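Work through the following exercises with the sequence and the model side by side. Each task is followed by a solution that goes step by step.

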Amino acid sequence: MPDTASAFDTAGHTARLREQGFTIIPDFLSPDMLRAVREGLAPYLGSHNGRNDFEGYKTERVYTLVARGAVFEDITCDARVLALCDQFLKPGYLLTASQSICIHPGETPQPLHSDDGFYTLPRPRPAISLSTIVAVDAFTAQNGGTEIIPCSHAWNEAQLAGLYDGREVTAPDRPELEGRLRPLEMPAGACVFFLGTLLHRGGANRSAAPRLAFSNQYCEPWARTQENFFLGVPPQLVRGMSPRLQTLLGYGIWPPFMGHVTASHPLKTLEPGYVNTVLAQRP
Ligand SMILES: O=C(O)CCC(=O)C(=O)O
């Protein structure tokens with residue numbers, strides 16, 4: 001039976017996430033959605049390569065994906081993804097990253113990392129963010145499919161030592177971890193959902209074709225987001241987005257008042273004719 005929103009086994013996915021740190025939604029995107037994603041990404045691809053080993057010198061990323069078309073808005077608010085986020089994050093959680101990742105032939109493996117390693121609180125600890133990676137091209141062990149270390153979400157500081165210092169990935173990766181990596185082989189349209197504490201990396205692309213994917217990530221409502229969507233997504237676009245997406249982009253309050261805008265609710269800034277309070281009040 002397809003894993004549609006109505007038939008989605010939230011409890012089963014949640015149990016796998018708690019136990020192994022990841023779960024796979026095999027038929028996450030319908031063929032129509034997959035086609036819409038490909039069409040939506042096409043105009044942006046072909047222009048930009050990564051600037052460092054982490055982005056990948058032969059990897060092309062399109063950031064702020066959520067603002068690149070209606071299909072990406074819908075996927076960011078996917079009921080199954082939000083049902084899983086609800087299990088791990090506090091109400092009012094935020095979108096922290098939204099990007100496509102195209103790994104071209106000849107790319108080397110990405111440094112091993114966890115997506116919430118930015119938050120330098122001692123481990124083991126609950127995940128502060130959750131990640132999705134959706135295969136637009138099928139993932140194989142040859143073409144740069146994501147590689148994960150199952151159960152590493154529960155590792156402590158000693159087990160992680162030398163991998164990530166909170167600012168940059170420290171090189172080289174620890175060779176003893178190589179043998180624990182599991183390449184995810186997934187069909188196009190499948191989604192791997194994992195805890196921000198799980199160790200993973202984009203694989204080397206040893207095939208002759210690019211591997212296209214995209215990743216939306218969500219974090220606790222009190223945490224700083226990777227992308228600054230207030231500046232990255234123009235207010236004229238945010239105004240036309242759904243209330244749910246506006247909240248995910250930060251137009252909400254973490255009680256009692258984290259996120260206020262000069263003592264007002266951030267949604268006020270989207271109202272027609274809004275004038276910035278500081279500008280209005282300056283003599
Ligand atoms: O592209 C992938 O498979 C993983 C990328 C990744 O983990 C990242 O860029 O943080």
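**Exercise 1.** How many of the ten residues of helix α4 (residues 79-88) are buried?

*Solution.* Before counting, note that this is a predicted model, in which local features need pLDDT of at least 70 and side-chain atom pairs count only at pLDDT 80 or more, while totals for chains, interfaces and linings use all residues. Residues are numbered from 1 along each chain as its sequence is written, and side-chain values use heavy atoms, with hydrogens and water left out.

The terms come next: buried means under 20% relative accessible area, exposed means over 50%, and partly exposed lies in between, with a 1.4 Å probe and protein chains only. Helices (H or I, at least four residues) and strands (E, at least two) are DSSP runs, numbered from the N terminus.

With these terms, seven of the ten residues of α4 are buried, and the helix is mostly covered. The buried residues are R80, V81, L82, A83, L84, C85 and F88. At the start of the helix, a side-chain oxygen of D78 comes to within 2.8 Å of the backbone nitrogen of R80.

**Exercise 2.** Decide how many disulfides the model has, taking a disulfide as a pair of cysteine sulfur atoms within 2.5 Å.

*Solution.* By this rule the count is zero. C77 is in no disulfide, since the nearest cysteine sulfur, that of C85, is 11 Å away. For C85, the closest cysteine sulfur belongs to C219 and lies 10.0 Å away, which is too far for a bond. Both cysteines can then be placed by accessibility: C77 has 19% relative accessibility and so counts as buried, and C85, at 0%, counts as buried too.

**Exercise 3.** Describe how strand β7 (residues 191-195) is covered and which strands pair with it.

*Solution.* Begin with the cover: five of the five residues of β7 are buried, so the strand is largely enclosed by the rest of the structure. In a regular strand the side chains alternate between the two faces of the sheet. In β7, the buried residues C191, F193 and L195 lie on one side, and the buried residues V192 and F194 on the other.

Then turn to the pairing, where two strands pair if DSSP finds at least two bridges between them. Strand β1 (residues 22-25) is antiparallel to β7 and is joined to it by four bridges, and strand β4 (residues 129-135) is also antiparallel to β7, over five bridges. F194 of β7 is the bridge partner of F22, and F194 is the bridge partner of S131 as well.

**Exercise 4.** Which strands pair with β3 (residues 94-103), and which residues stand opposite each other?

*Solution.* Strand β3 is mostly covered, with ten of its ten residues buried. Strand β2 (residues 59-62) runs antiparallel to β3 and is joined to it by four bridges, with R61 opposite I101 of β3. Strand β9 (residues 211-219) pairs with β3 in the antiparallel sense over nine bridges, and here Q99 stands opposite S215 of β9.

Definitions and conventions
Polar contact = N/O pair within 3.5 Å; in protein donor to acceptor, adjacent residues only side chain to side chain.
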